[in-house]
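Please take a moment to look over the sequence and the structure shown here before reading on.

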Number of protein chains: 2
Amino acid sequence: MPTEVAFRPAVIDDLPAIMALLADDDVARARGGYAGDLPTEAFAEIDADPRNELVVGVAGRLIVGTCQLTFIPGLSRGGAERMTIEAVRVRSDLRGAGIGRRMMAYALGRARARGCALAQLTTDKRRTEAHRFYESLGFVASHEGMKLNL
Amino acid sequence: MPTEVAFRPAVIDDLPAIMALLADDDVARARGGYAGDLPTEAFAEIDADPRNELVVGVAGRLIVGTCQLTFIPGLSRGGAERMTIEAVRVRSDLRGAGIGRRMMAYALGRARARGCALAQLTTDKRRTEAHRFYESLGFVASHEGMKLNL
């Protein structure tokens with residue numbers, strides 16, 4: 001595998017590779033996958049929002065990871081933002097090589113640069129390996145993550 | 001208790017009452033409470049952000065509940081937004097009277113009006129009554145809610 005991975009904000013040309021990463025996942029497949037047109041409008045909305053950052057990890061010309069960061073302003077914790085991390089994926093054939101760890105370090109660096117008081121994410125209770133991974137980074141599973149499909 | 005509760009976006013004059021609600025909570029107190037200046041800058045940032053809505057429930061002239069809604073654009077689920085609910089509070093002396101249920105109905109109505117595919121929240125594992133409340137609304141505790149203080 002390529003050893004050098006660089007992280008940067010996604011651009012529109014990354015979208016097919018990002019969608020392939022999002023689809024390459026058992027939980028997502030069970031939800032119906034990502035067949036159909038590319039969500040170019042949604043990409044544009046994320047891209048234009050100063051409190052949302054879609055991140056890609058790039059090795060050579062290959063997109064090897066992605067995540068989405070949302071900075072939520074709030075009244076608690078001295079008025080600091082909190083960072084929510086969603087849609088974390090690493091290419092399935094490159095897992096276990098430290099890419100996710102480096103991507104999370106990049107994400108947490110973004111949070112610190114903005115002065116966030118807290119980083120948070122939810123992870124499906126079936127993803128037990130992911131829980132151990134996040135706990136190894138210092139995350140604490142202190143909360144129930146509750147979802148309601150609308 | 002007043003029977004009529006109306007829900008609306010918060011205005012700056014509501015801020016002292018909102019901060020009092022946020023402080024009136026065992027978990028928040030353990031985190032250090034809310035002594036000090038009002039977070040007027042954070043209020044202004046939330047107020048100016050089209051993807052954040054600070055909600056208050058008002059009975060007569062009394063603020064009886066609050067929550068913050070964040071609409072997160074994303075690439076999954078057909079490019080639909082998801083709504084995250086944070087900082088849910090009901091006045092402690094008015095709990096059990098259905099205010100929280102009506103506030104959540106208002107919040108979920110906002111999500112549906114924006115076409116959100118999903119509503120989500122995290123709730124401290126110590127708040128067992130809150131879990132039952134959210135489950136009664138159809139939320140499923142399918143995820144671990146992981147937090148990292150920065």
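A:Asp124 is buried, with a relative accessible area of 7%, where buried means under 20% relative accessible area, exposed means over 50%, and partly exposed lies in between (1.4 Å probe, protein chains only). This is a predicted model, in which local features need pLDDT of at least 70 and side-chain atom pairs count only at pLDDT 80 or more, while totals for chains, interfaces and linings use all residues. Residues are numbered from 1 along each chain as its sequence is written, chains are lettered from A and ligands numbered from 1 in the order in which they are written, and side-chain values use heavy atoms, with hydrogens and water left out.

The partner of A:Asp124 is A:Arg126, and the two form a salt bridge whose closest N and O atoms are 2.8 Å apart; a salt bridge is a side-chain nitrogen of Lys or Arg within 4 Å of a carboxyl oxygen of Asp or Glu.

We now turn to the place where the chains meet. The contact (heavy atoms within 4.5 Å) takes 56 residues from chain A and 56 residues from chain B. Together the two chains bury about 5300 Å², 58% of it on carbon and sulfur atoms, buried area being the accessible area (1.4 Å probe) that two parts lose on being put together, summed over both. Of the area that chain A buries against chain B, A:Leu75, A:Met146 and A:Leu150 supply 18%, more than any other three residues.

Across this interface the rule finds 6 salt bridges, and on the side of chain A that touches chain B the largest share, 10 residues, comes from strand 6 (residues 140-149) of chain A. Helices (H or I, at least four residues) and strands (E, at least two) are DSSP runs, numbered from the N terminus. Strand 6 of chain A pairs with strand 5 (residues 118-124) of chain B in the antiparallel sense over 7 bridges, and two strands are said to pair if DSSP finds at least two bridges between them. Within these strands, A:Glu144 stands opposite B:Thr123.

Which residue of chain B forms a salt bridge with A:Glu86? The partner is B:Arg82, and the closest N and O atoms are 2.9 Å apart. Both A:Glu86 and B:Arg82 are buried. The structure holds 20 salt bridges over all chains, and in the case of this pair A:Glu86 lies in strand 4 (residues 82-90) of chain A and B:Arg82 in strand 4 (residues 82-90) of chain B, so the pair joins two chains.

Within chain B, B:Arg114 forms a salt bridge with B:Glu81, the closest N and O atoms being 2.8 Å apart. This pair links distant parts of the chain, 33 residues apart, with B:Arg114 in the loop between helix 4 (99-113) and strand 5 of chain B, and B:Glu81 in the loop between strand 3 (62-72) and strand 4 of chain B. B:Arg114 is partly exposed, with a relative accessible area of 32%, whereas B:Glu81, at 9% relative accessibility, counts as buried. Both residues belong to a network of salt bridges that also links A:Glu45, A:Asp49 and B:Arg51.

Finally, A:Arg51 lies in the loop between helix 3 (40-48) and strand 2 (52-59) of chain A, and at 14% relative accessibility it counts as buried. Not counting residues up to four places away in sequence, A:Arg51 touches residues including A:Glu81, A:Arg114, B:Glu45 and B:Asp49.
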